[in-house]
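Student: I am new to this structure. Could you take me through how its helices pack and where its open spaces lie?

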Amino acid sequence: MEHSALKGRDQSSEERKVYMDYNATTPLEPKVIQAVTEAMKEAWGNPSSSYAAGQKAKEIIGLARENVALMVRGRPEDIIFTSGGTEANNLVFHSVLKYFQEFKEMSQCGSDHDYNALLGGVPHFITSSVEHDSVRLPLEHLVKLQVADATFVKVSQVSGQAEVEDVIAAIRPSTCLVSIMLANNETGVIMPVSILSHLIKTLNQKRVGSGLPRILVHTDAAQALGKIQVDVQELEVDYLTIVGHKFYAPRIGALYVRGPGVSTPLYPMLFGGGQERNFRPGTENTPMIAGLGKAAEMVNQHCEEYEFHLRKVRDYLEERLQAEFGQHKINFNSHFHGSQCLPNTCNVSILGPELQGRAVLSHCHILLASVGAACHSDQGDRPSPILLKSGIPYDIACNALRLSVGRGSTEEDVDLVVADLKRAVAELEQKRCCSANGTSKKILQTENIASFNQTKA
């Protein structure tokens with residue numbers, strides 16, 4: 001389980017840094033680096049070429065496709081390589097938009113139905129209020145362009161989940177896609193995607209008979225892969241987004257599509273050389289695909305081991321935090337009643353004035369972490385909108401720290417981090433105390449001067 005990145009074993013504890021922001025990004029595994037390097041050296045040819053270097057590249061891409069497919073329990077032909085998760089998510093929305101347009105055109109031919117009135121003219125998307133920006137922003141953009149409508153279902157403040165009943169209640173005749181993340185990147189809450197997919201599958205049988213479009217289901221699995229088992233057969237989704245840099249692979253991604261272009265609509269956003277069966281043209285990035293494939297292979301071999309280790313270290317982290325700060329000074333923002341959470345994620349607030357998350361991190365010497373998602377790093381001193389939408393009170397959300405452990409994290413790391421946090425909190429509370437004392441002295445001095453002046457008068 002040992003991972004060399006950021007461990008600093010040759011440094012003193014004062015100099016050493018401990019990384020606990022694995023939900024933001026992960027370092028490359030040594031075996032992944034080796035796979036990327038070998039592909040650069042030996043498979044530099046164009047995968048569409050017939051000479052040796054090109055055929056080697058084609059072989060590497062094929063093997064990577066098999067490993068990525070196995071990681072999600074899908075078929076190799078259902079995997080489309082992309083530049084990353086953002087492209088994969090946008091490709092889904094683009095495809096569903098085209099699917100809806102073609103459905104309307106076909107339905108209107110020789111039909112007495114007024115489909116514009118029935119379907120509302122534009123496709124309707126359903127998602128949750130706590131999705132990653134690569135889901136939220138494209139949908140908001142489509143709504144702004146008036147080419148789609150979208151419902152952002154609020155998550156329960158009890159469970160932290162997008163409740164199945166609320167999603168189903170939001171469905172309209174024009175609904176053509178439900179996109180719910182598999183696990184939240186800040187709270188770690190695992191969403192009820194499989195239950196939702198099963199209900200929608202049943203509902204689709206009635207919709208097709210009524211001349212309504214089939215509702216497709218998409219899940220962004222970026223945070224779940226490499227931490228828990230992910231099985232597209234159990235999830236029953238049509239689309240699933242894969243993000244390499246969340247499970248020790250390079251910054252590249254893939255999209256699982258259940259029968260792309262046949263069982264499930266898929267339309268290219270780009271046009272060019274016809275690679276990836278024309279769904280995602282452009283000469284394949286062989287080294288990065290090789291790295292993705294190797295990282296997927298490692299997940300296939302060790303996922304249960306990874307999950308056990310992550311949960312053990314995360315649980316130890318929470319125990320140490322509670323022991324050092326006390327139950328009444330800690331709020332675990334990732335604990336929701338009745339919900340499962342990612343095994344590596346601890347979202348915690350250390351309660352007290354002047355203990356805002358960013359202030360605490362700025363006083364840490366060892367800990368490398370964040371207050372929330374990297375895509376919300378421009379929020380300034382404002383708390384995470386994800387936590388607020390999950391029902392975490394404003395003052396508590398302001399103090400939030402997202403601590404996410406990785407494969408190489410140890411209990412020794414936890415001890416260093418907790419001690420670092422305790423020192424940072426003590427410094428901030430001491431500054432506040434000194435500031436308060438200084439203010440009191442100034443007030444007292446002002447009152448004494450006023451009293452002295454009155455006596456002279």
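The questions below cover helix packing first, then the pocket and the cavities.

Tutor: This is a predicted model, where local features need pLDDT of at least 70, side-chain atom pairs count only at pLDDT 80 or more, and totals for chains, interfaces and linings use all residues. Residues are numbered from 1 along each chain as its sequence is written, and side-chain values use heavy atoms, with hydrogens and water left out.

Student: How are α1 and α9 oriented: roughly parallel or roughly antiparallel?

Tutor: Helices are DSSP runs of H or I, at least four residues, numbered from the N terminus. Axes are lines fitted to C-alpha atoms over the stretch in contact, with angles from 0 to 180 degrees between N-to-C directions. The axes of α1 (residues 30-42) and α9 (residues 286-325) come within 8 Å and cross at roughly 150 degrees. Angles over 145 degrees count as roughly antiparallel and those under 35 as roughly parallel, so α1 and α9 are roughly antiparallel.

Student: What is the handedness of the crossing of α2 and α9?

Tutor: Helix α2 (residues 52-71) packs on α9 at about 35 degrees, with the axes 8 Å apart. A crossing is left-handed if the near helix is turned anticlockwise from the far one by less than a right angle, and right-handed if clockwise. For α2 and α9, the crossing is left-handed.

Student: How many charged residues are in the contact of α3 with α5?

Tutor: Helix α3 (residues 85-108) and helix α5 (residues 133-144) have axes that come within 9 Å and cross at roughly 35 degrees. Among the residues that meet are Phe93 and Leu97 in α3 and Leu139 and Leu142 in α5. The contact has 6 nonpolar and 4 polar residues, and the charged count is: no charged.

Student: Which helix gives the largest share of the lining of the largest pocket?

Tutor: On a 1 Å grid over the protein atoms alone, a pocket is an open set of points with protein on both sides within 12 Å along at least five of seven lines, and lining residues have an atom within 4 Å of a point. The largest pocket has a volume of about 410 Å³. α7 (193-209), α8 (232-235) and α9 each supply at least two lining residues. The largest share, 3 residues, comes from α7.

Student: What is the volume of the largest cavity?

Tutor: A cavity is a set of grid points where a 1.4 Å probe fits but cannot get out. Points are joined across faces, edges and corners, and a volume is the space filled by probe spheres set on them. The structure holds 2 cavities of 30 Å³ or more. The space in the largest cavity is about 80 Å³.

Notes:
Parallel < 35°, antiparallel > 145°, perpendicular 65-115°, else oblique. Contact = heavy atoms within 4.5 Å. Nonpolar A, V, L, I, M, F, W, Y, C, P; charged D, E, K, R; others polar.
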